[in-house]
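Please look over the sequence and the model below before reading on.

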Amino acid sequence: MILAAVAAFVGATLQSATGFGLVLVLGPALFAAMEPEDALTVLFVLSAVLNVLVLLAERRDREVHSDQLTVILGAAVPGVVLGVLILQALAKPTLQVIVGVAVVAAAVVQARGARAAPRPAEGDAPTPLYAPAAVG
């Protein structure tokens, strides 16, 4: 559990600084230390709390576009449903391998210099297809 605590601190710091990273860092540690259902519950709660705190801090400096937030959250629902189905269908060792492969793949993509799509100009509303990808 010490590994999970360190991973939570590093992941939360990364998430606060860049807009992503908590689940990428903490996920493998929690999957190694806990049952998959418990690990996902902890990841969900911690990431929700951290994102709300970051959103509240950002709100002081910028306007939050609730219509964009609605599109992003709406796009997340099918992923949550699919995730629950996968969680119920696969054993812990299989899930650990999948999480490990996903983390390594994400690291390789980042190391190769993959860039996100450019953000829209200030004041421009993203299209509904762009909004779910605009998590940062």
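The model is a predicted one. Its protein chain has five helices and zero strands, and along the sequence the pattern reads α-α-α-α-α. The chain has 136 residues, of which 17% count as buried. Its accessible surface comes to about 9600 Å², and carbon and sulfur atoms account for 69% of that surface. Of the contacts between residues at least 6 apart in sequence, 53% join residues at least 24 apart.

Helix H3 covers residues 36-59. Ser47 lies in this helix, and Leu56 is found in helix H3 as well. Their relative accessibility is set out here.

| Residue | Relative accessible area | Class |
|---|---|---|
| Ser47 | 17% | buried |
| Leu56 | 46% | partly exposed |

Ser47 counts as buried because its relative accessible area of 17% is under the 20% cut-off. Leu56 is classed as partly exposed because its value of 46% falls between 20% and 50%.

Leu56 belongs to a nonpolar patch on the surface, together with Phe44, Val45, Val49, Val52 and Leu53. The accessible area of these residues together is about 580 Å².

How values were computed
Residues numbered from 1 in each chain as written. Predicted model: local features only at pLDDT ≥ 70, side-chain atom pairs only at ≥ 80, totals over all residues. Heavy atoms only, no water. Helix = DSSP H or I, 4+ residues; strand = E, 2+ residues; numbered from the N terminus. Buried < 20%, exposed > 50% of the residue type's maximum accessible area, 1.4 Å probe, protein only. Patch = residues over 30% accessible without salt bridge, like charges linked within 9 Å, V, L, I, M, F, W, Y side chains within 5 Å. Areas by Shrake-Rupley, 256 points an atom, 1.4 Å probe, with all protein chains shown as cover. Salt bridge = Lys/Arg side-chain N within 4 Å of Asp/Glu carboxyl O. Contact = heavy atoms within 4.5 Å.
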